[in-house]
Every structure is written in C-alpha cells, then in structure tokens.
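Here is a briefing on one protein structure. Start with the model itself, then read the points by topic.

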Amino acid sequence: MPVIQRSEKLFQAIRTLDAANTAEIVGDIHNSPYVSVIGYNKEEALVFCLISGLMRRAESSYDSYRELPAGKGFADLVFVPKSRADLPIMIIEFKRDYTAEDALNQIKRQDYAARYRQDGDEREVLLVGLNYSSETKEHHCLIEKM
C-alpha cells in the first residue's frame, strides 16, 4: 500500500476507534523491510511503526512528541493538532508482552491526558493502547475516547 494511502488509512482507523484495523496496519508496518530485525522486539520498533505510519497525516496536521512528560510519567507518543482544527489529540502507549488493556490502563492511571483538560480545553482526546507479543508476533490495540 502506498505510504500516503496507508497514513490516511491508519489515521482513520484510530479516529473511528477501529482497533482491529489499527493493529493490522501497525503489524504490516512492523513486518515490513523497514524495521530492523535486530531491534524488532523493542518498543522503538513499534514507535517507528506509528510515526512512519502516520507521517503523512502528522506532517501536515500534527506535532508529535516522544516520551512526553505528562501526568505522573511520560507518554510514549502523543500527537497534538497543529491548530485547534477538528482533529483529535492522540495519546499512545506501547506494551510488549503484556496487553493492550495494560497500555490503556497506564494512560489512565498515570493521567497522561491531564494537560489537555486544563483551561477549558474541549478537544477530543483518543487514548490508544498497543501491545505486541514477541512470542506470537501479533499486535493488539484498544482505543477509547476520553
């Protein structure tokens, strides 16, 4: 699939809370020749999958932050719209060999979205938990609106 088309498809999957399709697209990127076999099972590989997968959309519409200080910790990956356009903020947490639910629960427990509830900020916030099993090589995702 061409990069621009894949970027839009991944963005729409996240935006419509289509966790199964999101996991499938991330899995396709993860299994592409662009991901190093040396670092395949590391979190950085999953970060690369999301950043590269959303690059076209993010380049034009978002600022992205890696390990953003948020709440009581650091959010793995956050996409914030460049303007107050009708685009959601996306907070993404990765887990390897846990569950997507564990990732989503960490976002909530650590209150990564706290900074976006200040000053009457009413933008939509999507919480995305992604898990990768190094044993089965499967990707799972859960997405919720805050």
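Helices (H or I, at least four residues) and strands (E, at least two) are DSSP runs, numbered from the N terminus. Helix H5 is followed by Asp 111, whose phi is positive, near 55 degrees.

This is a predicted model: local features need pLDDT of at least 70, side-chain atom pairs count only at pLDDT 80 or more, and totals for chains, interfaces and linings use all residues. Residues are numbered from 1 along each chain as its sequence is written, and side-chain values use heavy atoms, with hydrogens and water left out.

**Helix H5**
- H5 spans residues 100–109, and Ala 100, Ala 103, Leu 104, Gln 106 and Ile 107 are buried there (under 20% relative accessible area, 1.4 Å probe, protein chains only).
- These residues cover an arc of only 155 degrees around the axis, which puts them on the same side of H5 (the arc is that of the directions from the helix axis to the C-beta atoms).
- Their cover includes strands S3 (89–96), S4 (125–132) and S5 (139–145).

**Nonpolar cores**
- A nonpolar core is a set of buried Ala, Val, Leu, Ile, Met, Phe, Trp, Tyr and Cys residues joined through side-chain atoms within 4.5 Å.
- The largest has 25 residues, of which Ile 14, Phe 79 and Met 90 touch the most other members.
- Helices H1 (3–15), H2 (19–30) and H3 (43–53) are among the elements that each supply at least two residues of this core.
- H2 gives the most, with five residues.
- A second, separate core of 14 residues includes Leu 68, Ala 75, Ile 89 and Ile 91.
- Beyond its neighbours within four places in sequence, Met 90 has contacts (heavy atoms within 4.5 Å) that include Phe 11, Ile 14, Leu 54 and Leu 126.

**Aromatic pairs**
- Rings of Phe, Tyr and Trp (its six-membered ring) pair if their centres lie within 6.5 Å; planes under 30 degrees apart count as stacked, over 60 as edge-to-face and the rest as tilted.
- The whole structure holds two aromatic pairs.
- Tyr 62 and Phe 79 have ring centres 6.1 Å apart and planes at 90 degrees, so this pair is edge-to-face.
- Tyr 62 is in strand S1 (residues 62–70) and Phe 79 in strand S2 (residues 73–81), so the pair ties together parts 17 residues apart in sequence.
- Both Tyr 62 and Phe 79 are buried.
- Ring pairs link Phe 11, Tyr 62 and Phe 79 into a cluster.

**The S4–S5 loop**
- Ser 134 lies in the loop between S4 and S5.
- Ser 134 and Arg 96 are 38 residues apart in sequence but 7.0 Å apart in space, C-alpha to C-alpha.

Notes: Buried < 20%, exposed > 50% of the residue type's maximum accessible area, 1.4 Å probe, protein only.
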